[in-house]
Structures are given as C-alpha cells and as structure tokens.
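Hello,

Here is the structure I promised to pass on to you. Please open it first, and then read my notes below with it on your screen.

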Amino acid sequence: MGKLLNSHKSNRKITTLVENRTTYSAEYAELNIFETHKVAEKVKLTFDFPVIASMLTGKKIMHLEGWPSFDFFPGESVVMPRSKPMVIDFPVASENDPTQCLALGIDEKKISDVVLNFNNYVAIENENNNWELDANSSHLKNNHAVNHLVERLVYTFTNNNRSKDVLLDLMIQELIIRLLQTKAKALILNDSQNVLNDTRIGQVVQFIKENLTNKDITVDMLAEKACMSTSHFHKKFKNTLGISPIDYINSEKIKFSKKLIKEKKSFQMSEIAIKSGFNNTSYFYRQFKKMEMMTPQQFKKSIST
C-alpha cells in the first residue's frame, strides 16, 4: 500500500499531526486519507454518510458504540453507518512511522440501488432472506477481496485518469456487493443461535473451523460432507460466502497465524506456519502477503509497541 500512496504524498498538505485529512471526491463516493504523526488518545470522528474505514499502516485502538474496545490493524476494515461516532487511540504513531487509515464514504442512494439489484439477482443459501447494509457496525478481518478492492480504489482516486469516474463507479458497486456477501458470510460464521446448523454449507464451515490445522482437508472431502458434486459445492460455497473453499480455509489459517504473531512473539515464522496448518513456510508467506498485502514480518513490525 505504501507505493500506492506516493501520488497522495506528493500532493497532500500536513496541517495537523493528529488525523491530518486529505479528501478525494467522485460522483458517488468520497475517499478520505488520514495520517497521524504522534501518539494520541480519545480522538473523536463522525461521518455524515456510511463509510468503510481501512487501516493502512500502524495500529489504532477503536472504541465504537455497543462494542468492546478492539485493536485495529492493517488489512482490517470497519463498516460504519452514518453519524455513528468513533473514538480512537493511536498508541504507536510517530513522525517517521505515521499511522495511516482511509475512510471511503458512499452515497446512500447508490448503496440502495446496488442492494436492490443484489437481492433481485443473487440467491444465497437461505433463499428467503433479503440483505441490506444495516445500522450496525461491522469489523472485517482477513477479507482479502475487500482489501484488494480498497487498494484499487485508493490508486484510482489518487491518480488522474480519463476513465476515473467510470472505474470508480464499477469498483464501488463491487465493494458494496462484497460487503453484502460478507454479511451473508458473517451470518453463517458467527451463527450463535445455530440457525444454519442444518444447512450443508453451514455444516461444512463448522467442520473447517473444528479442523483448521488439518493439512489434509480438500475440496473433494468438503463436497462429500455437503453431499454435493465437487463442482456444484464449489459454486454453492462461493455464491454463499463470496469466497472459494480453499481461499476461505487459507483466510482462516492466516487469521489464526495473526493471532499467534500477536500473542506468541517468540515463535519463529516457520513455527507459526506449521501451527497454523500450512504444509510449508513459503506457501504460508505467499498466502499471508496475498491476503494482508504485507509479509508476516511486516505485520509483526506494524503491531509492535
């Protein structure tokens, strides 16, 4: 992400050391890039439109209404409804290593139009449900599809291109759909009332969660457990969760590896790779960089206090 900000850095002006804000506008959206150059606490921020906030560098501690406080790291995003306050601490920001975050605001009419089309054309596992981006906040971790979209949006917003508005319109539509798929995914993955335990995709997800470090899980095995052909299972899984079975398994393993990096800082990366269910360290490195847009060592450095 650092290279993508080169154009931004050459044009932006620093007027404050805490949450210095640079805004880029488009027809249906507004990109705000925030940079903080010193340690700060209890910084309040509110937007007049729904936003997706994504960490670029450093670390924040987020205090959101109705949530326990949580650490906010690069590769993670928060979806915030309009007028919901955020209170933020910056424990590691410095002049040489500023904490950087973006907030992408999207026009509510645009969201409504895309949601309507999504509900008309996309059927997920529970076909009687309609999906919308509701009034609750969401904390997204290890969603590399959203991360890559955010990366492309940053590049397009901050660089001049004759097709800029058209490209942004298409990417914003895709981002909204990805977030809707994430909501469907969250219903299955965080189903505290076991509402979807009797669904085949729900059962497969539960199996994956219980056998995450098993190096021998295959798509054929999962399809058999779902009582589907491999091709039908792959399509059903991806339509329901917005991600392929293998990418979902790897994303959960990377999520677990990040937890180990945070909690067991004495582990070697090769140990973390094995404990996270990867067959070899090089594949772990490739998947980590693909999903987090940084190496495991860079992630470890970014969270060090």
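**What I found**

Let me begin in the loop that links helix H1 (6-11) to strand E1 (20-25), where Glu 19 lies. This is a predicted model, and all that follows should be read with that in mind. The phi angle of Glu 19 is near 50 degrees, a positive value in a residue other than glycine. Is Glu 19 buried or exposed? Glu 19 has 10% relative accessibility, and because the limit for buried is under 20%, Glu 19 counts as buried.

Lys 42 is found in strand E3, and with 61% relative accessibility it counts as exposed.

Strand E3 takes us to a sheet. Four strands form an open sheet in the order E3-E8-E5-E6, and their pairing is antiparallel. Strand E3 (40-45) and strand E6 (70-72) are at the edges with a single partner strand each, so one side of each has no neighbour in the sheet. On average, and ignoring direction, neighbouring strands of this sheet are turned by 30 degrees against each other. Within the sheet, strand E5 (residues 60-64) and strand E8 (residues 86-90) run antiparallel and are joined by four bridges.

Next, a pair of helices. Helix H8 (residues 245-263) packs against helix H10 (residues 281-292) at an angle of about 95 degrees, and their axes are 10 Å apart. Angles of 65 to 115 degrees count as roughly perpendicular, and H8 and H10 are therefore roughly perpendicular to each other. Among the residues that make the contact are Ile 254 and Ile 261 of H8, and Phe 284, Phe 288 and Met 291 of H10. Sorted by class, the contact of H8 with H10 has six nonpolar, four polar and four charged residues.

Finally, have a look at Ser 302, which is found in helix H11 (residues 296-303). Ser 302 has a relative accessible area of 14% and is buried. What does Ser 302 touch, leaving out residues up to four places away in sequence? Ser 302 touches Gly 58, Lys 59, Pro 74 and Met 294. Ser 302 and Lys 59 are 243 residues apart in sequence, yet their C-alpha atoms are 7.0 Å apart in space.

Enjoy exploring it!

Best wishes

Note on methods: Residues are numbered from 1 along each chain as its sequence is written. This is a predicted model: local features need pLDDT of at least 70, side-chain atom pairs count only at pLDDT 80 or more; totals for chains, interfaces and linings use all residues. Side-chain values use heavy atoms; hydrogens and water are left out. Two strands pair if DSSP finds at least two bridges between them. Helices (H or I, at least four residues) and strands (E, at least two) are DSSP runs, numbered from the N terminus. Axes are lines fitted to C-alpha atoms, for helices over the stretch in contact, and angles run from 0 to 180 degrees between N-to-C directions. Buried means under 20% relative accessible area, exposed over 50%, partly exposed in between (1.4 Å probe, protein chains only). Angles under 35 degrees count as roughly parallel, over 145 as roughly antiparallel, 65 to 115 as roughly perpendicular and the rest as oblique. Contact means heavy atoms within 4.5 Å. Ala, Val, Leu, Ile, Met, Phe, Trp, Tyr, Cys and Pro count as nonpolar, Asp, Glu, Lys and Arg as charged, and the others, Gly among them, as polar.
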